[in-house]
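Open the viewer and keep the selection panel within reach. This tour goes stop by stop: what to select, then what is there.

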Amino acid sequence: MIQIDALPAFSDNYIWLLQDNASKRCAVVDPGDAAPVLAWLDDHPGWHLSDILVTHHHADHTGGVAQLKNLSGARVYGPASENIPARDVALDDGDEVTVLGLTFAVHAVAGHTLGHIAFYHADSQRPLLFSGDTLFAAGCGRLFEGTPQQMHHSLQRLATLPDATLVYCAHEYTLSNLRFAVAVEPDNPDVAARFEQVTQWREQDRISLPSNLALERKTNPFLRASQPSVKQKADERTGTDNASPVEVFAALRAWKDKF
Ligand code: ZN
Ligand code: FE
């Protein structure tokens, strides 16, 4: 069994740390800063960093990669079409990588950046998704490079993964995302309940992750563009008829950018 913990970085990033207790090998996802990983390794003598997974090129996800690779010799996996420091293995949609004995399928999820990838481990007990800055808990990443169409397509694809899929995204944005979700769906009881729960967790300084896909489908407005009430809110917002789910999605994303 691989244990997964969050190493906080910067103000709201998480570097996910995967640990194989049997071999004392570990892997990290999106180490924007080497320091938290090095501190963990210092506190855990005998452990070895063997692999580094990268979802996209932004500095808060790649800033620590080169230093960690230099110090540990870890193998660096990242998207083929982006500039990833010290990358060893260039990944495209449909590729598979095995890390600490877990096989991950690579999903191309353009939108936040054009080459963004997500890592999915299919498992009947505990499916895992490392979604970077694409699917957040109750939200999604900003469209820095891609179009609403691309992001909507990427999210729809992730939304087809099993209910039990644990979603490990790269930022603690859940509470502010839920504030927006409440504005979009004031009458959705699942959104209200989650907002209350995450408010409590954050007051206690507890992490709100991982999420899971069943919960995301019920509470994440960016996965709910096909819901009539969500379309209605988007139409009110834009003053137009957002005829397709992509248009609804685009209206939500533009609204959230200024929320
Ligand atoms: Zn990013
Ligand atoms: Fe980020």
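Which residues does Val-65 touch, not counting residues up to four places away in sequence? Select Val-65 and show its contacts: they are Pro-31, Ile-52, Val-54, Val-76, Pro-85 and Ala-86. Bear in mind that this is a predicted model. Val-65 sits in helix 3. Its relative accessible area is 0%, so Val-65 is buried.

**Helix 1**

Select residues 35-43, which form helix 1. Colour the buried ones: Pro-36, Val-37, Trp-40 and Leu-41. They span an arc of only 140 degrees around the axis, so they sit on the same side of helix 1. Turn to the face directed away from that buried side. There you find Asp-42 and Asp-43, both exposed. Next, show what covers the buried residues of helix 1. The cover includes strand 1 (2-9), strand 2 (13-20), strand 3 (25-29), strand 4 (48-53) and helix 3 (65-72).

**The nonpolar cores**

Select Leu-18, Phe-119 and Phe-130. These have the most contacts inside the largest nonpolar core, which has 26 residues. Centre on Phe-130. Leaving aside neighbours within four places in sequence, Phe-130 is in contact with Ile-4, Trp-16, Leu-18, Val-29, Thr-55, Phe-104, Ala-118, Phe-119 and Tyr-168. Another core, of 25 residues, lies apart from this one; among its members are Val-184, Val-230, Ala-234 and Ala-251.

**The cavity**

Stay with Phe-130, which is one of the residues lining the largest cavity. How many cavities of 30 Å³ or more does a search of the whole structure find? The search finds one. The largest cavity holds about 30 Å³ of space. To outline it, select Tyr-14, Trp-16, Val-29, Asp-30, Thr-55, Phe-130, Ser-131, Gly-132, Tyr-168, Cys-169 and Ala-170. By class, this lining has seven nonpolar, three polar and one charged residues. Strand 2, strand 10 (128-132) and strand 13 (166-169) each supply at least two of the lining residues. Strand 10 gives the most, with three.

**The pocket**

Select Phe-136, Cys-140, Gly-141, Arg-142 and Tyr-173. Of the 13 residues that line the largest pocket, these lie nearest its centre. The pocket has a volume of about 190 Å³. Its lining has five nonpolar, four polar and four charged residues.

**Helices 5 and 8**

Select residues 174-184, helix 5. Its buried residues are Thr-174, Leu-175, Asn-177, Leu-178, Phe-180, Ala-181 and Val-184. Show their partners: strand 11 (135-136), strand 12 (139-140), helix 6 (189-203), helix 7 (213-219), helix 8 (228-238) and helix 9.

Move to helix 8. Its buried residues are Val-230, Ala-234 and Asp-235. Look down the axis: these fall within an arc of 140 degrees, so they line one face of helix 8. Which residues are exposed on the other side of helix 8? Select Pro-228, Gln-232 and Glu-236. The buried residues of helix 8 pack against helix 5 and helix 9. Gly-239 follows helix 8, with a positive phi near 70 degrees.

For helix 9 (residues 245-258), pick Ala-254. Its relative accessible area is 43%, so Ala-254 is partly exposed.

**Backbone stops**

Select Leu-209 and Pro-210. A cis peptide bond joins them, with omega about 0 degrees. Pro-210 lies in the loop between helix 6 and strand 14 (211-212).

Go to Leu-100. It is not a glycine, yet its phi is positive, near 50 degrees. Leu-100 lies in the loop between strand 7 (96-99) and strand 8 (102-108). It is buried, with a relative accessible area of 7%.

Finish at Ala-138. Its phi is positive too, about 65 degrees, although it is not a glycine. Ala-138 is in the loop between strand 11 and strand 12. Is Ala-138 buried or exposed? Its relative accessible area is 1%, so Ala-138 is buried.

Terms used
Residues are numbered from 1 along each chain as its sequence is written. Chains are lettered from A and ligands numbered from 1 in the order in which they are written. This is a predicted model: local features need pLDDT of at least 70, side-chain atom pairs count only at pLDDT 80 or more; totals for chains, interfaces and linings use all residues. Side-chain values use heavy atoms; hydrogens and water are left out. Buried means under 20% relative accessible area, exposed over 50%, partly exposed in between (1.4 Å probe, protein chains only). Helices (H or I, at least four residues) and strands (E, at least two) are DSSP runs, numbered from the N terminus. The arc is that of the directions from the helix axis to the C-beta atoms. Contact means heavy atoms within 4.5 Å. On a 1 Å grid over the protein atoms alone, a cavity is a set of points where a 1.4 Å probe fits but cannot get out, and a pocket is an open set with protein on both sides within 12 Å along at least five of seven lines; lining residues have an atom within 4 Å of a point. Grid points are joined across faces, edges and corners, and a volume is the space filled by probe spheres set on the points. Ala, Val, Leu, Ile, Met, Phe, Trp, Tyr, Cys and Pro count as nonpolar, Asp, Glu, Lys and Arg as charged, and the others, Gly among them, as polar. A nonpolar core is a set of buried Ala, Val, Leu, Ile, Met, Phe, Trp, Tyr and Cys residues joined through side-chain atoms within 4.5 Å.
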